[in-house]
Amino acid sequence: MRTVRWSSRPVIGLLVAAGVASMVAFVLAPAALLGGRYGSFRQEAALRDGVGRGLVEFWRGGGPEYPALLARLVDYWFRWHAIKVAISSLMLIVFVLLAAALWRRYLRGAGARAVGAIAATSFAVLATGLLLLNIQATAVPLVALLPLLSGGAPDGDLARTLREVRDGVNHPAGPHGGSPALSVLLGEVERYHWVMVAAAGVVVLATGLASVILWRRRGAGSARAGFMRKALSVILAVTVTLMLTVVAYSAYSAADPGGALLALLGGG
């Protein structure tokens, strides 16, 4: 009975199809899976309006508990991004397998496969970024909802609430600085950014170590193997640079949750 190699053309074709399917699912699956229970939030305008009303109710409530609307929105956004975590994890696995298969074919003499292997490796890096962003949003969905408020010009109760939030951040000793809702928002913003520091930090350590090892071994073996190690090392080094920027920005934001909150809400 003939054994199909995992780097054979049929398997590579299946991996390419799976990669494309995972990208389509990443865009369409959350709305399709959650539409029945959270259909009222499917339109971006309705979601933005809900976040605005939920924040106003939360701010006016005088306590740290989420009102019903905001709690439902947080649950929805948690589920939305949890689905994307699952899909982006699958996407990452598929592109890693595809890159490995294409690199293997390249080592066996298929020179044109190097371009495809580099592309698949780059897609794996992008999938890693998507995974990190959605882990962050799943961990702290309330903060992940706040950027929706910067999509339009607020008015009425929302405009007043945002002014009071900004006043509370800028003047902690003022009438709004001691708001329980503000304490919750600042705490969640801080946690949101520390989650990214931890997640991106793990990626920095893993990719940095792999990049160094591959670069040190670039001269071992055949010329093709050397090219593969150099290409992978460079891609991983670029990834490390980008991730270090993310870690530095997130750590700075976590150390200044007030400024980070104002940035999420669209300015100070």
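Guide: Helix α1 gives the largest share of the nonpolar patch, 6 residues. Helices here are DSSP runs of H or I, at least four residues long, and strands are runs of E, at least two, numbered from the N terminus. The patch is made of V16, V20, M23, V24, V27, L28, F123 and L126. V20, for one, sits in α1. Two helices, α1 (9-34) and α4 (113-139), supply at least two residues each. Together the patch residues have about 690 Å² of accessible area. That area comes from the Shrake-Rupley method with a 1.4 Å probe, and for residues only the protein chains shown count as cover. Patch residues have over 30% relative accessible area and no salt bridge; like charges are joined within 9 Å, and nonpolar side chains (Val, Leu, Ile, Met, Phe, Trp, Tyr) within 5 Å.

A word on the source. This is a predicted model, where local features need pLDDT of at least 70 and side-chain atom pairs count only at pLDDT 80 or more, while totals for chains, interfaces and linings use all residues. Residues are numbered from 1 along each chain as its sequence is written, and side-chain values use heavy atoms, leaving out hydrogens and water.

Now step back from the patch. The protein has 9 helices and 0 strands. Its C-alpha atoms fill a box of roughly 70 × 40 × 30 Å along the principal axes.

Next, salt bridges: a side-chain nitrogen of Lys or Arg within 4 Å of a carboxyl oxygen of Asp or Glu. The whole structure has 6. One of them joins R48 and E44, at 3.1 Å from N to O. The two are about one helical turn apart, because they lie 4 residues from each other in helix α2 (residues 44-61).

Move on to helix α7 (residues 180-216). It packs against helix α9 (residues 257-264) at about 95°, with the axes 9 Å apart. Axes are lines fitted to C-alpha atoms, for helices over the stretch in contact; angles run from 0 to 180 degrees between N-to-C directions. So α7 and α9 are roughly perpendicular, the word for angles of 65 to 115 degrees (under 35 is roughly parallel, over 145 roughly antiparallel, the rest oblique). On the α7 side, L182, L185, L186, V189, E190 and H193 take part, meeting P257, G258, A260, L261 and L264 of α9. Contact means heavy atoms within 4.5 Å.

V184 is also in α7. Leaving out residues up to four places away in sequence, V184 touches F58, P64 and Y66. V184 and P64 are 120 residues apart along the chain, yet their C-alpha atoms are separated by 6.3 Å.
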